[in-house]
Amino acid sequence: MSQFSFDASFWVAVAFFLFVGVLIKVKAPALMARGLDAHAQKVRDELATAANLRLEAEALAAQYAGKLAEAEKDVAELRARTQREIMAMKAEAETNLLDYIDRRTHAAESRIAQAEQAALQDLRTRTSELAIAAAESLLKNQATSPKGADIMNASIKAVQTKLH
């Protein structure tokens with residue numbers, strides 16, 4: 001036999017070097033490097049996109065925070081304005097109510113005064129009528145007496161002298 005014996009580990013080594021040679025021949029390391037580079041670039045692009053999205057999200061969050069603050073300010077102003085309007089309406093309603101009460105009171109007092117005047121006028125009229133009736137009755141009684149005729153003649157002469 002020959003001096004060199006080809007055992008299994010020799011053939012594994014030969015197969016390994018042939019495999020590595022074939023890989024180098026077909027440029028497998030360059031393909032793997034390009035694939036890894038492409039994957040690394042894709043990851044970098046995704047990270048850059050994620051960073052841009054994060055910046056946009058932070059900008060939107062800041063914008064919405066500003067809008068929220070502005071809306072809260074608007075709500076506070078609206079609440080204050082509404083409160084002022086309510087107070088003004090309340091004051092106006094109180095004033096209107098007091099004016100209404102004053103007008104009603106004045107109208108009632110006026111009606112009472114008119115009723116008092118009417119009652120006084122009615123009382124005067126009734127008193128005058130009673131006085132006239134009493135005087136008429138007295139004059140009728142006295143006119144029939146001789147003294148009554150003298151009084152009538154004296155009264156007629158007094159009226160004539162005053163008229164002339």
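Predicted model: local features only at pLDDT ≥ 70, side-chain atom pairs only at ≥ 80, totals over all residues.
Is phenylalanine 17 buried or exposed? At 59% relative accessibility, phenylalanine 17 counts as exposed, where exposed means over 50% relative accessible area, buried under 20% and partly exposed in between, with a 1.4 Å probe and protein chains only.

Residues are numbered from 1 along each chain as its sequence is written, and side-chain values use heavy atoms, with hydrogens and water left out.

**View 1. The whole chain.** The chain has 3 helices and 0 strands, helices being DSSP runs of H or I with at least four residues and strands runs of E with at least two, numbered from the N terminus. Of the 164 residues of the chain, 1% count as buried. Its accessible surface, computed by the Shrake-Rupley method with a 1.4 Å probe, comes to about 14,900 Å², and 65% of this belongs to carbon and sulfur atoms. The mean pLDDT, the predictor's confidence in each residue on a scale from 0 to 100, is 85 for the chain, and 88% of the residues reach 70 or more. Confidence is highest in helix H2, at a mean of 90, and lowest in helix H3 (residues 146-163), at 70.

**View 2. Helix H1 and the residue that follows.** Helix H1 spans residues 8-25, and its 18 residues reach 25 Å from the first C-alpha to the last, close to the 26 Å expected, a value found as 1.5 Å times one less than the number of residues. Just after H1, lysine 27 takes a positive phi of about 60°.

**View 3. Aromatic pairs.** The whole structure holds 2 aromatic pairs, counted where ring centres of Phe, Tyr or Trp (its six-membered ring) lie within 6.5 Å, with planes under 30 degrees apart called stacked, over 60 edge-to-face and the rest tilted. Phenylalanine 10 and tryptophan 11 form an edge-to-face pair, 5.3 Å centre to centre with 70° between the planes. The rings of phenylalanine 16 and phenylalanine 17 have centres 5.7 Å apart and planes at 65°, so this pair is edge-to-face as well. Phenylalanine 10 is partly exposed, with a relative accessible area of 34%.

View 4. The structure holds 1 salt bridge, defined as a side-chain nitrogen of Lys or Arg within 4 Å of a carboxyl oxygen of Asp or Glu. The side chains of arginine 54 and glutamate 58 meet in it, at 3.3 Å from N to O. Both residues lie in helix H2, 4 residues apart, about one turn of the helix. Arginine 54 is exposed, with a relative accessible area of 57%, whereas glutamate 58 is partly exposed at 39%.
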